[in-house]
Amino acid sequence: MEDISRVLKVLEALRQASRDIQVHLTPESANSNSPAIKALLELETESDTILSKDPHLSSLSYHLTSLKNLVDTLHKCRSHSLRYFLIRRLSTHSISRVAASIESEIQAWIDRESVENLTTALKETVRNEEELVNLLTHFEKRLSQGFNRELQDLVLKSKILLLLEKIICDPNYSKRLREKCAFVVAALIRFNKDVFVGQVQMGPLIHALVSMASWKLMKVICTLIRLIKSPLGDEIESNGEIPKLISFLDYKDLQLRVLTMVCILEIGYFARKEVVEAMLKEGLIQKLVELQRSVLGGDLIDMGMFDEKQTNEIETVEGKIERRDSRQKSFLDSHPFASCVARFAVQLEVGEGLRQREKRAFKQEILNIVRDASASDAEAATIIAEVLWGSSP
C-alpha cells in the first residue's frame with residue numbers, strides 16, 4: 001500500500017506540473033529549466049521503460065514526445081526577428097495545449113490506479129481499515145470534482161458500488177467504515193444519479209442507514225432524498241422506516257435530532273400523499289408540538305421574525321440557514337425546533353409531491369391535530385397562526 005501511495009503522489013505531482021504549465025506559461029518561461037516542464041521531460045525520457053508496457057499510456061507517451069519537440073523548437077528561436085517572435089508565441093500556445101492533454105491523460109492514469117486500489121481494498125477490508133478509509137476519502141474527493149465519463153466507466157466495470165453497499169449493509173463492519181462507505185455512495189449518486197441510482201438496492205441500503213441511528217448517516221439520507229426526490233420518500237415509507245425516523249426526534253443526541261428534523265422537512269417537500277399520511281399517522285405533528293414547546297423550540301411569530309417569505313426559507317434542502325436576517329438566524333441556531341410545526345406545514349405547501357387539494361386537506365388535518373395536541377388555547381392559537389401565516393392562501 002505504501003508503494004501505491006508513493007506512485008499516486010508522484011502522479012499527482014506530475015498532474016499539477018501540467019496544470020502549472022497551462023496557468024503560468026510565457027514565452028520566456030517555456031524552457032527546459034522550468035521546474036514543471038523539467039518534471040514532464042524527465043517522464044518523457046523514461047517513457048520507454050515506464051509507459052510502453054501499458055497500452056492505456058500510449059497517448060500520454062505521444063503527448064510527452066510532442067512536448068519535448070515543442071520545447072526543442074522554442075530553444076532554436078533565439079533571434080529577435082518578427083518571424084521567430086511569432087514562432088515562439090505559437091509554440092508557447094501549443095505547449096499549453098499539449099500540457100492540458102498531458103494533464104488529462106495523467107488524471108486518467110491516477111483514476112485507473114485509484115479505482116483498482118480501492119476495489120482491491122474493499123475486497124480485503126480485514127487487512128487495514130485505516131488505509132481503506134483513506135482511499136475512500138480520496139475517491140470521494142475525486143468524485144466531487146464533477147462528472148467524467150472515463151471515471152464513470154471505470155467505476156461501473158469495477159462494481160465498486162456493489163462492494164460499498166455490501167459493507168454498509170453488514171453490521172459486522174465498524175460504524176466508521178460503514179459511514180464512510182455511505183458518504184461515497186452519496187457522492188456517486190451525486191456524480192451521476194441517472195446511472196448509479198439504478199445500481200443500488202435502495203430498500204436494504206436505507207434500512208441499513210436508518211438502523212445505525214447516526215447523525216452522519218442522517219446527512220447522507222438527506223442528500224439522497226434531495227437527489228432522488230419522491231421515489232426515495234416512497235421507498236422509505238414502503239420499507240417501514242417512517243416510525244424509526246420519527247423516533248429519532250426523542251434521542252438524546254442533539255445532532256441526530258436536528259438532522260432528523262431536516263430529513264423530515266426534506267421528505268415533506270418531495271413526499272406523495274401516502275408518505276405524508278404515514279408520517280401523520282405515526283404522530284409526527286404531536287411530536288413537533290412537543291419539540292416546539294421545549295427549550296430548543298419557540299415561536300418565531302411572537303418574536304416578529306415569521307412571515308411567509310421567511311418561512312419558505314427557514315430550512316434549505318441541505319439543512320443550511322440562508323437568506324435570513326441575522327436575528328432570526330441566531331435564534332434558530334440556538335432553537336433548532338422553533339416553529340417546527342409551521343416549517344413542516346410550509347414544506348408540504350410549497351413542495352412538489354402533493355396536488356393542491358391534498359395540500360389543503362393536509363393543512364386542515366394538521367390544524368386539527370395541533371388543537372388536540374396543544375397544552376393550552378394560547379399555544380394552539382400561536383401554532384395555528386404560524387401555520388396559516390406561513391402557508392399560501
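Biologist: In this predicted model, what share of the contacts with a separation of 6 or more comes from residues 24 or more positions apart?
Modeller: Take the contacts in the chain with a separation of 6 or more. Residues 24 or more positions apart account for a share of 72%.

Biologist: How much of the chain counts as buried, and what share of the exposed area do carbon and sulfur atoms supply?
Modeller: The chain has 393 residues, and 50% of them count as buried.

Biologist: At what angle do helix 11 and helix 12 pack, and which hand does the crossing have?
Modeller: Helix 11 spans residues 202–211 and helix 12 spans residues 215–228. Their axes lie 9 Å apart, at an angle of about 145°. The crossing is left-handed.

Biologist: Which residues meet there, and what is their class?
Modeller: Helix 11 brings M202, I206, L209 and V210. Helix 12 answers with L217, V220, I221, L224 and I228. By class, the contact has no polar and no charged residues; nine are nonpolar.

Biologist: Why is helix 11 described as largely enclosed, and what do its buried residues pack against?
Modeller: Seven of the 10 residues of helix 11 are buried, so the rest of the structure largely encloses it. The buried set is M202, G203, L205, I206, A208, L209 and V210. These pack against helix 8 (160–168), helix 9 (175–191), helix 12, helix 13 (230–238) and helix 14 (242–247).

Biologist: Which residues of helix 17 are buried, and what covers them?
Modeller: Helix 17 covers residues 284–293; seven of its 10 residues are buried, so it too is largely enclosed. The buried ones are L284, I285, K287, L288, V289, L291 and Q292. Their cover includes helix 14, helix 15 (254–270), helix 16 (273–281), helix 20 (340–350), helix 21 (356–373) and helix 22 (377–390).

Biologist: Where is A213 found, and what is its phi?
Modeller: A213 sits in the loop between helix 11 and helix 12. Most residues other than glycine have a negative phi. A213 has a positive one, near 50°.

Biologist: Is K229 buried or partly exposed, and what is its phi?
Modeller: K229 lies in the loop between helix 12 and helix 13. Its relative accessible area is 32%, so K229 is partly exposed. Phi of K229 is positive, near 65°.

Biologist: How many aromatic pairs does the structure hold, and what are the distance and angle for F191 and F196?
Modeller: There are four aromatic pairs. F191 and F196 form a tilted pair, with 45° between the planes and 6.4 Å centre to centre.

Biologist: Why does the pair of F248 and Y251 count as edge-to-face?
Modeller: The ring centres of F248 and Y251 are 5.1 Å apart. Planes over 60 degrees apart count as edge-to-face. Here the planes are at 85°, so the pair is edge-to-face.

Biologist: Which residues form one aromatic cluster?
Modeller: F191 and F196 already form a pair. The cluster is made of F147, F191 and F196.

Methods: Residues are numbered from 1 along each chain as its sequence is written. This is a predicted model: local features need pLDDT of at least 70, side-chain atom pairs count only at pLDDT 80 or more; totals for chains, interfaces and linings use all residues. Side-chain values use heavy atoms; hydrogens and water are left out. Rings of Phe, Tyr and Trp (its six-membered ring) pair if their centres lie within 6.5 Å; planes under 30 degrees apart count as stacked, over 60 as edge-to-face and the rest as tilted. Buried means under 20% relative accessible area, exposed over 50%, partly exposed in between (1.4 Å probe, protein chains only). Contact means heavy atoms within 4.5 Å. Axes are lines fitted to C-alpha atoms, for helices over the stretch in contact, and angles run from 0 to 180 degrees between N-to-C directions. Helices (H or I, at least four residues) and strands (E, at least two) are DSSP runs, numbered from the N terminus. A crossing is left-handed if the near helix is turned anticlockwise from the far one by less than a right angle, and right-handed if clockwise. Ala, Val, Leu, Ile, Met, Phe, Trp, Tyr, Cys and Pro count as nonpolar, Asp, Glu, Lys and Arg as charged, and the others, Gly among them, as polar.
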